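Here's a quick briefing to read with the model open on your screen. Take it topic by topic and follow along in the viewer.

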Amino acid sequence: MLRRLEEALRAALEAPFAHLFPEQVQPLEMAAALREAMTASRRHTPEGSFAHNEYTLRLSLADHRSLASIITSLERELASHLREFAATEGLQVGAAVTVLVAPDDGLGQGQMRCGSAFAVRPAARLEGVSGPGAKGHSWPLAERTAIGRSAECDIRLEDLVVSRHHAEVAWCLVHYELRDLGSQNGSHVNGQPTTRSALADRDLVELGLTQLRFRLV
């Protein structure tokens, strides 16, 4: 599997841009450094295995200058390589992996340094689509947002088919996740019943008779 990933990267970068790469810094070496950083960032939780999704690959000033005309393509292909590597390793990285190739005047030619982190939690909201008292309302999401009929919930719904503490939306390192809290009538995402589901922009969340649209801001 790794060989297939490397062959894809070689075809995308080495073939068309081989003359631009310094002898000491090659795409496969960059990819290997990034994979090592991703593996080192691995975090196991009850919700699954996660890895960082923001990477900075630092090169010497001279090496970075020689690659200036293809930096955008290089970053895009390395990010794609990391996304596929994460999939083969069973690592959750969210909707996007980013790679920034940056100059570092503290490095000599042929040297590289890699850093990584989890992306900052993006702003998101739930928008009322239908259901008693929900249509037209919009609720911003925090790291953990409780939903139900109880006055204790962050999003209080008037729907009598919704349980008092029905579900919650929680930020889980790389994505927002809907979690059913043992509700009587269950929770659905895009028409499918679920007890736990990662949310993508525009997903439709159904609780009882109420429909809510998940939106990244």
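**A serine in a loop**

Ser 150 has a relative accessibility of 1%, and because anything under 20% is called buried, this serine falls in that class. Keep in mind that you're looking at a predicted model. The notes below start with this serine, then turn to a helix, a leucine and a sheet.

**More on Ser 150**

- You'll find Ser 150 in the loop that runs between strand S8 (144-148) and strand S9 (155-156).
- The side chain of Ser 150 gets to 3.0 Å from the backbone nitrogen of Glu 152.
- If you skip neighbours within four places in sequence, the residues in contact with Ser 150 are Arg 156, Arg 164 and His 165.

**Helix H1**

- Helix H1 covers residues 2-17, and its 16 residues should span 22 Å at 1.5 Å a residue; the end C-alpha atoms are 22 Å apart, so the two values agree.
- That said, H1 has a bend of about 40°, and you'll find it at Arg 10.
- Which residues of H1 are buried? They are Leu 5, Leu 9, Leu 13 and Glu 14.
- An α-helix has 3.6 residues a turn, so residues three or four places apart point the same way.
- Helix H2 (27-40) and helix H4 (71-89) are among the elements that cover the buried residues of H1.

**Leu 100 in strand S4**

- Leu 100 belongs to strand S4, which takes in residues 98-103.
- Buried, exposed or partly exposed: which is Leu 100? Its relative accessible area is 46%, so it counts as partly exposed, the class between under 20% and over 50%.
- Not counting residues up to four places away in sequence, Leu 100 touches Tyr 55, Thr 56, Leu 57 and Glu 75.
- Leu 100 and Thr 72 are 28 residues apart along the chain, and their C-alpha atoms are 8.8 Å from each other.

**The six-stranded sheet**

- Six strands form an open sheet with antiparallel pairing, in the order S7-S6-S16-S15-S12-S13.
- Strand S7 (138-140) and strand S13 (192-194) are the edges, each pairing on one side only.
- On average, neighbouring strands of this sheet are turned by 30° against each other, ignoring direction.
- Inside the sheet, strand S6 (residues 124-130) runs antiparallel to strand S16 (residues 210-216), and six bridges join the two.
- Which residue in S16 is the bridge partner of Ala 124? That's Leu 216.

Definitions and conventions:
Residues numbered from 1 in each chain as written. Predicted model: local features only at pLDDT ≥ 70, side-chain atom pairs only at ≥ 80, totals over all residues. Heavy atoms only, no water. Pairing = 2+ DSSP bridges. Helix = DSSP H or I, 4+ residues; strand = E, 2+ residues; numbered from the N terminus. Axes fitted to C-alpha atoms, helices over the stretch in contact; angles between N-to-C directions. Buried < 20%, exposed > 50% of the residue type's maximum accessible area, 1.4 Å probe, protein only. Polar contact = N/O pair within 3.5 Å; in protein donor to acceptor, adjacent residues only side chain to side chain. Contact = heavy atoms within 4.5 Å. Expected span 1.5 Å × (residues − 1). Bend = angle between axes of the 7 residues up to and from the residue.
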